[in-house]
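Look at the structure first, then read the points below.

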Amino acid sequence: MFRVARLIAAKDLRIEFRSRVVTNQVLPFAMIVMVMFAFALNTQEVVERVAPGLVWLATLFSLLILVQRAFAIETADGATEAMRAAGVDPAGIFLGKALALAAQLAVLEIVLLVLAVVLYSAKLHVGGVVLLVTTLLAATCGLALVGTLYGGLAAGVRGRETLLPLLLLPVVAPVLIGATRATEAALGTSGAVVSDGWPWLGLLGVFVALFSVGGTLAFGPLIEE
Amino acid sequence: MEIVVHLSNAVAVLGQFPVLAGASLTVERGEIVLLQGPNGAGKTSLLRLFAGLLPLARGEGTVLGCDLRTNREAVRKRVGLLGHANGLYSDLTVTENVRFWGSTIGATEAEVEAALMRMGLAQRLKDVQVAKLSAGQKRRTALACLIARRAELWLLDEPHAGLDAAGRDELDATLREATAAGATIIVASHELERAGALASRLVEVVGGQIRDSQASPGGEAQSQAAG
Amino acid sequence: MAALGIVGMEDVGFILATYIATFVGSIALAVYYLRRGRRLAAQLPPDDKPWA
Amino acid sequence: MTDMQLTAGQPANANATAESFSKPTAKTSATGTPFTRILGIATVVSMALLVLFGLFLSPEDVVQGESVRILYIHVGTVWVAYVAFGVTALSSLAFLWKRTTSLTWDRIAGASAEVGVLFMALTLFAGAIWGRLAWGKFWVWDARVTTTAFLFITYIGYLAVRGLGGSHQQRGRRSAVVALLAVLEIPLVHFSVKLWRGLHQDSSVADTTKVKLHDLMLFSLFISLIAFTLLFVWLVMHRQRVLAMQDALEDKGLDYALEQRRSEGGL
């Protein structure tokens, strides 16, 4: 299972490295979303207060695109079917694709955070770095896991573009809430302190634990004919 | 002889349409069976059924000793399917593709090299991205992926499509070698001359059923030569 | 309507709207099921209706 | 297989031979049985009682005034909505347990989710109006309210997955897995919203729900639970039967299509 996962993650990342869809298309998209948020929210004070939330919202929107892309490379030439035909362990496919997605998301989130510092004058504190990094890790894993799970279900069915957000967005709500609050605590947004953030990280941890087990079990039945 | 594929009155459904409407067929080890029939007759579905992809709606089926009704996933690791789609990643090179599909069942680097060599991809093309290949070259790459998988039962859907003369010769030689090594091959093809010469048996598929099964005249000589 | 007579008009409207929406919604679904059931039943032999 | 049955499958494709099996004497519903008829009558009677007690006989509340009457609807529908999703989850589990044997569990899960979505919509509607009267606003970011909204959307997604097509077994397996994943998700949503609201607690919710209940109010709530539970059972039973007939008709259509398919080659 883990051997297959490593194989698939390496393949996905190699494809991404060659095609540069994330860097050339998804990142610019996420950036323009960040700028648009500022237009919609108008004043500097409001933007500064909600900066962590905007980072995670932009991540969620980008997640939808990344998941579509991750499964488009599989369905383009019948590779999903070829994988099933080759008897590749579905749990391995799930973990591998989630791993590759997590790596891409992590890059995206770091860029968005830097952007939040630049555009929304978010402030990084030395004391909050540990919390911030752990939050990024946990939230990234959570998003990648559920994204892969529902992306696999929606891949190859009619109306996948509309079905995926309908299934995915309600599920990632706890990540949005948890990651935003933890990030606020880490950045000290509107007077939050670092210790406020740890309970939220617990929530993210439970989320990751549940969906890594649930997803590993569920992915096979979901993609099977 | 050992029976590799046994179908009895198999019905398979795609959506609500019965692609297979009661097909019965027995294939023994070492055979090269050619499925022929008009478009939409059910050749591809038959291959997908053997590969354990399509669920059996009614009837019985056994492939390599695995019951298709209860245990169709088990058959997959031992079967190699070349479908209409090649299953290649267009951003990866030829070698990377073959290596990826080979390693899903743990093929070694030497086996990957051998597969590339076999389909004439070891030289100029091996580091070219699949997106830049012609249709025939992609087909060759897909075949190389299949060879690297060392399957016991080969299921080929129009393998000759898009291949040039040299490619066809290489394919045919590969298939003969495979059967000599104990593999069984089922080919769906419209190219009777080419595939008929290779096959040991012709099977006609019509309306989701097996109509007729007869020994191929060209194949008799072939199987004797191989034996 | 004695109990309702003493409250302001706005509340009565809201309360009645809730009751009406609930009953109309439930009845609409029930009627849809019954009609659909009747149409399908006409096309099926009794063997396929083990409850009948 | 008789010729009659073959033609019976036809309407699945061509809308031709209707009425071939409807008994001329049976004017009653096709999905009804004596049991559901009694259930239906009980539902109507208890609904009438609910209106009588809820709107007329029970007094207004000291704190909430007349708006308490909405709760007699709200409590019943929200109870049924959550029961419905519980039934969906349990039936999905039962279906996966012995996958090959029983599509009935799958159909119960689907029927229950569909009815549940209706009741969830009614719950949200009644809740919003009650909130408007009691708190002066339609929506409050309370954990229960928000979880309910998420449940609503999640099960709309579940119904969309059921409608994706494929074989009945595939539909059953896929939707059962999605239903069970929702069971993982919903408590997490509830917990996260609760934790979130815990930081910015406004006390209005807690205060107004602490009403001192009159006996007649309690009795009205009790009737509400009974009435909506009966309605739920009635709806699910009928829906389950409709779905069973739909599946059977598709299977019949398959028999017919098989004949067609076999005759393609002139066999």
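In chain A, 20 residues are in contact with 23 residues of chain B; two residues are in contact if their C-beta atoms, placed from the backbone, lie within 7 Å. This is a predicted model: local features need pLDDT of at least 70, side-chain atom pairs count only at pLDDT 80 or more, and totals for chains, interfaces and linings use all residues. Residues are numbered from 1 along each chain as its sequence is written, while chains are lettered from A and ligands numbered from 1 in the order in which they are written.

**The side of chain A that touches chain B**

- Two elements each give two or more residues to this side: helix 1 (2-19) and helix 4 (79-85) of chain A. Helices (H or I, at least four residues) and strands (E, at least two) are DSSP runs, numbered from the N terminus.
- Helix 1 of chain A supplies the largest share, seven residues.
- By class, this side of chain A has 10 nonpolar, three polar and seven charged residues. Ala, Val, Leu, Ile, Met, Phe, Trp, Tyr, Cys and Pro count as nonpolar, Asp, Glu, Lys and Arg as charged, and the others, Gly among them, as polar.

**Other chain pairs**

- Four pairs of chains are in contact, and chains C and D share the most contacts.
- That contact takes 30 residues from chain C and 39 residues from chain D.
- On the chain C side, helix 1 (2-5) and helix 2 (9-41) are the elements that give two or more residues.
- Helix 2 of chain C gives the largest share of that side, 19 residues.
- The chain C side divides into 20 nonpolar, six polar and four charged residues.
- Chain A and chain C have no contact; their closest C-alpha atoms lie 24 Å apart.
- Chain B and chain C do not touch either, with nearest C-alpha atoms 18 Å apart.

**Chain B as a whole**

- Chain B has seven helices and 10 strands.
- Its C-alpha trace spans about 45 × 40 × 30 Å along the principal axes.
- A compact globule of 227 residues would have a radius of gyration near 17 Å, and chain B agrees, with 17 Å. The radius is taken over C-alpha atoms, and the globule rule is 2.2 Å times the number of residues to the power 0.38.
- Buried residues make up 55% of the 227 residues in chain B. A residue is buried if 20 or more other C-beta atoms, placed from the backbone, lie within 10 Å of its own.
- Among contacts in chain B between residues at least 6 apart in sequence, 68% join residues at least 24 apart.

**Helix pairs**

- In chain A, helix 5 (residues 90-119) and helix 6 (residues 129-154) pack at about 130 degrees, with axes 8 Å apart. Axes are lines fitted to C-alpha atoms, for helices over the stretch in contact, and angles run from 0 to 180 degrees between N-to-C directions.
- These two helices of chain A are therefore oblique to each other. Angles under 35 degrees count as roughly parallel, over 145 as roughly antiparallel, 65 to 115 as roughly perpendicular and the rest as oblique.
- The residues of this contact in chain A divide into 11 nonpolar, four polar and two charged.
- In chain B, the axes of helix 3 (residues 109-118) and helix 4 (residues 135-148) come within 8 Å and cross at roughly 140 degrees.
- Helix 3 and helix 4 of chain B are therefore oblique too.

Notes
A residue is buried if 20 or more other C-beta atoms lie within 10 Å of its own, exposed if 12 or fewer, and partly exposed in between; C-beta atoms are placed from the backbone.
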